[in-house]
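Have the sequence and the 3D view open as you read.

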Amino acid sequence: MFSSISLRLILLLCLVSSSFSSTASPSNSNATDQTLQPQEELQKLKLIRTELNKINKPAVKTIQSSDGDTIDCVSLHQQPAFDHPLLQGQRPLDPPEIPKGYREDDESYEESQLWSLSGETCPEGTIPIRRTTEQDMLRASSVQRFGRKISPVRRDSTSNGHEHAVGYVTGRNYYGAKASINVWSPRVTSQYEFSLSQIWVIAGSFTHDLNTIEAGWQISPELYGDTYPRFFTYWTSDAYRTTGCYNLLCSGFVQTNRRIAIGAAISPRSSYRGGQFDISLLIWKDPKHGHWWLQFGSGALVGYWPATLFTHLRQHGSMVQFGGEIVNTRPRGSHTTTQMGSGHFAGEGFGKASYFRNLQIVDWDNTLIPASNLKILADHPNCYDIRGGTNRVWGNYFYYGGPGKNPRCP
């Protein structure tokens, strides 16, 4: 049996060999600069192993998913959240009071996750956590930025490549939001791009002190190594600079559910002119303890973001956004063909365009009310657009998305 040092050296030799192969191309003007340095690689691998030991906790049970994921069933009290200095020694809280006006009959479809289709579940007292691998971390731009968004990110920013089509409400205090989000598998054409659809609860400015709570589905080849739509969460209290992360890749979010794995692939997905499937997400501030809870589907509490993680969101949100976001790296000097939503424009309507429906916000008295003053915004409407509406069945809703690069979006 090889020792761990031998395995590291084998991996190192493979990386060095790969580097020599790539530098052999005539297009590389300075092959020497491209050659991997063994000492640097060993140091990087050591750093990765250290980070993996922090992220991956001891498993009571392990489940292999059909999509290649490994799901570890980790004791509730050993989850990453309780590594946070402000949360050490705490225990998961009991479920909070559900917002008034919540109706389970809003949920038309129940979603599954691929890892659970085998029928296996995590035992009582544990939570499912998608195992992070060396390959996951090697895909990241840096070990330090693994699991984090690019900083800074603004709703109306285009210079950093983030583009949006969103509906939003502002002008009052917000204590949560709810929506049913249509799930698709949009094409993402670069490892360094993503496509997501989510809810944002926001407070603070879009500069240094932005607080956000986010949840939805995303396709991110860099983060997950594939193109499955995956259920995800995110948070930050300093405009994505040093705090927060996706899913459970850092300490913060406290998971309480043993049947839902954050970061796991969603199944089924919608198809063009075919079946339409959505996930219902509810985020709200517990009136008793002040923490922000997340519910997935019909009555399934996922967990909560402790109020102590935040500054502005310790009180309430000042804006709620619903919608899509992509990253455009402008490959070959033109707009990306990465798709948002279904990859089709809003005007194509049901069965073709992606949608958000039953948009609601949580008011000061823990009551769900319609998001009736919804405004809509598309950063680049020739690439990705949005159209809103209201009806008796869907309440406040909108269609959104697009193909990216096309004759009107060069």
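## Buried charges and a cavity

Arg130 is buried, with a relative accessible area of 13%. Here, buried means under 20% relative accessible area, exposed means over 50%, and partly exposed is in between (1.4 Å probe, protein chains only).

A quick word on the model: it is predicted, so local features need pLDDT of at least 70 and side-chain atom pairs count only at pLDDT 80 or more, while totals for chains, interfaces and linings use all residues. Residues are numbered from 1 along each chain as its sequence is written, and side-chain values use heavy atoms, with hydrogens and water left out.

Back to Arg130: which residue does its side chain meet in a salt bridge? The partner is Asp136, which is buried too, at 4% relative accessibility. A salt bridge is a side-chain nitrogen of Lys or Arg within 4 Å of a carboxyl oxygen of Asp or Glu.

| Salt bridge | N to O distance |
|---|---|
| Asp136 and Arg130 | 3.5 Å |
| Arg230 and Asp69 | 2.7 Å |
| Asp226 and Arg230 | 2.5 Å |

Notice that Arg230 pairs with Asp69 and also with Asp226. The Arg230 and Asp69 pair links distant parts of the chain, 161 residues apart. Arg230 sits in strand 9 (residues 230–236), and Asp69 is in the loop between strand 1 (59–64) and strand 2 (70–75). Helices (H or I, at least four residues) and strands (E, at least two) are DSSP runs, numbered from the N terminus.

How buried are these partners? Arg230 has a relative accessible area of 0%, and Asp69 has 6%. Asp226 is buried as well. Zoom out and you'll find a network of salt bridges linking Asp67, Asp69, Arg130, Asp136, Arg139, Asp226 and Arg230.

A cavity is a set of points on a 1 Å grid over the protein atoms alone where a 1.4 Å probe fits but cannot get out, and lining residues have an atom within 4 Å of a point.

The largest cavity holds about 130 Å³ of space. Its lining has 8 nonpolar, 2 polar and 2 charged residues. Strand 4 (126–130) and helix 5 (221–224) each supply at least two residues of that lining.

Key. On a 1 Å grid over the protein atoms alone, a cavity is a set of points where a 1.4 Å probe fits but cannot get out, and a pocket is an open set with protein on both sides within 12 Å along at least five of seven lines; lining residues have an atom within 4 Å of a point. Grid points are joined across faces, edges and corners, and a volume is the space filled by probe spheres set on the points. Ala, Val, Leu, Ile, Met, Phe, Trp, Tyr, Cys and Pro count as nonpolar, Asp, Glu, Lys and Arg as charged, and the others, Gly among them, as polar.
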